[in-house]
Amino acid sequence: MKVNCLICKICKYEYEVSPKYVCEMCFGPLEVKYNWEYIRKNISIEKISKGPKSIWRYIDLLPLESDYEIDLQSGFTPLVRAKNLGEYLGLDNLWIKNDSLNPTFSFKDRVVSIASNKAKEFGLTTLACASTGNLAGSVAAHGAKGGLETVVFIPKNLEKEKIISAGVYNPKIVTIDGTYDDVNRICTILAEEKEGWAFANINMRPFYSEGSKTLGYEIVEQLGWEAPDNIICPGGSGSLFTKVWKGISEFEKLGFIKNTNTKMHIAQAEGCSPIINAIDNNSDFIEPVIPETIAKSIAIGNPADGLNSVNLVNKTNGTGTSVSENEIIQGIRLLAETEGIFTETAGGVVIASLIKLSRQNKLPSDEKTVCLITGNGLKTPDVVSNIKTFDIDSKSSNLDEILSKV
Ligand SMILES: *Cc1c(COP(=O)(O)O)cnc(C)c1O
Ligand SMILES: [Zn+2]
């Protein structure tokens, strides 16, 4: 068995592997404890390199015991050299990890790949989630493919495109007229009540969150088995941020790469920046906020991994940056205009943060910097919808007039 048990992050009490996420002793979060002796025997760079071009090339490091049944081919997204954007900012070694090219157009396919298959292993029959948008789409798609009942809970004011991107797979969609934090609170109560339900990001969270490690693994592998100097990552709950680093440090522990000195930089929108506030104030607790931002996919006012994210920033000499609504839109436009990549608002937050950090000289030009683009622009098109067009009348026979338009 790859996984020994679940272990409380705080008091280290151990639990049998089950759909459980909170410690009965101290209410701390549970995480997966691997059997590293077993894993080491089964894994090598050669074996990974020959694996499928998806997250399943890292199956030996993921918390599934059986073979995966539900497969939408998540992961192994392109890591592209951002030469144009780098030139614009004076950075010689800039890279974009384009995770908007996943099956449902966000990085959430990585985590749901694990949660949905683990739900199958546990014999659970309903796949559910509390979502800021992208998770709902991924859960609905994996539920459809896996023949699971699917119920997604979302804030009522979500972008129309995100509701459609989930709705097309025909899940039950439940809206709540509040913030994501309200949705999460209600789902946490439901997770206790509903037998046979796998809430991807609640009772399945110890397994689900491990899916994000694959983003760290891929960056290292795609850079030729080398860790970057800087990673800039959007922060919602903070889970992705902490797990990307966990992935890199596991490769170090396995001896696949030398000592890593990757600085972890987290980016949030000013309208929802509880993690950045804690970093700026040197605080050892997260003060919850009420989100108000166009970056809805990362609008989490009370982030579960907020404090872990603050600690990771400090431990790796990283930074935390918050950016304005206008800067988010400028970030989306700049990435599109320089690199031909259309990202949603969370990606705009990352690019805006990149711009700020480079202007503050916090990113040495020769250092390898990787920006995580976690979602697709067609999920939030309204923020860039004022597009100028030049219109020609189809009945026009006036060549001069037509030529004046082109
Ligand atoms: C969910 C999400 C995030 C943040 O993930 P957390 O693990 O909650 O921090 C970032 N970007 C996009 C596009 C997302 O959908
Ligand atoms: Zn505990």
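# Inside a predicted model: questions and answers

Colleague: Let's start with one residue. Is Glu159 buried or exposed, and what is its relative accessible area?
Modeller: Buried means under 20% relative accessible area, exposed means over 50%, and partly exposed is in between (1.4 Å probe, protein chains only). Glu159 counts as buried, because its relative accessible area is 13%.

Colleague: Before we go on, at which pLDDT do side-chain atom pairs count?
Modeller: Residues are numbered from 1 along each chain as its sequence is written, chains are lettered from A and ligands numbered from 1 in the order in which they are written, and side-chain values use heavy atoms, leaving out hydrogens and water. This is a predicted model, where totals for chains, interfaces and linings use all residues, local features need pLDDT of at least 70, and side-chain atom pairs count only at pLDDT 80 or more.

Colleague: Where along the chain is Glu159, and which residues does Glu159 touch, not counting residues up to four places away in sequence?
Modeller: Helices (H or I, at least four residues) and strands (E, at least two) are DSSP runs, numbered from the N terminus. Glu159 sits in the loop between strand 7 (149-155) and helix 6 (160-167). A contact means heavy atoms within 4.5 Å. Leaving out residues up to four places away in sequence, Glu159 touches Ile294, Lys296, Lys379 and Thr380.

Colleague: Which residue forms a salt bridge with Glu159?
Modeller: A salt bridge is a side-chain nitrogen of Lys or Arg within 4 Å of a carboxyl oxygen of Asp or Glu. The closest N and O atoms of this pair are 3.2 Å apart.

Colleague: Let's zoom out. How many helices and strands does the protein chain have, and what is its radius of gyration?
Modeller: The secondary structure comes to 15 helices and 13 strands. The radius of gyration is taken over C-alpha atoms, and the globule rule is 2.2 Å times the number of residues to the power 0.38. For 406 residues that rule gives 22 Å, and the chain's value is close to it, so the chain is as compact as a globular protein of that length. Its radius of gyration is 21 Å.

Colleague: What share of the 406 residues is buried?
Modeller: Along its principal axes the C-alpha trace spans about 75 × 45 × 45 Å. Within the protein chain, the buried share of the 406 residues is 58%.

Colleague: Among contacts between residues at least 6 apart in sequence, what percentage joins residues at least 24 apart?
Modeller: Here we take the contacts in the protein chain between residues at least 6 apart in sequence. The part that joins residues at least 24 apart is 69%.

Colleague: How many salt bridges are there?
Modeller: Lys and Arg count as positive and Asp and Glu as negative, while His and the chain ends are not counted. On that basis the protein chain has 43 positive and 50 negative side chains. Glu210, Lys213, Lys243, Lys246 and Glu250 are linked in a network of salt bridges. The count of salt bridges comes to 25.

Colleague: How far apart in sequence are Lys368 and Glu226?
Modeller: Lys368 forms a salt bridge with Glu226, with the closest N and O atoms 2.7 Å apart. Lys368 lies in the loop between helix 14 (345-359) and strand 13 (369-373), and Glu226 in the loop between helix 9 (213-222) and strand 10 (230-234), so the pair ties together separate parts of the sequence. Lys368 is buried at 16% relative accessibility, whereas Glu226 is partly exposed at 38%. Their separation in sequence is 142 residues.

Colleague: What about Lys47: which residue forms a salt bridge with Lys47?
Modeller: The closest N and O atoms of that pair are 2.8 Å apart. Lys47 is in helix 2 (residues 45-49), and the partner is in the loop between helix 2 and strand 4 (79-81), 13 residues apart. Lys47 is partly exposed at 41% relative accessibility. The partner is Asp60.

Colleague: Last one: what is the phi of Phe27?
Modeller: Phe27 sits in the loop between strand 2 and strand 3 (30-34). Phe27 is exposed, with a relative accessible area of 67%. Its phi is positive although the residue is other than glycine, with a value near 65°.

Methods: The place of a charge is taken as NZ of Lys, CZ of Arg, CG of Asp or CD of Glu.
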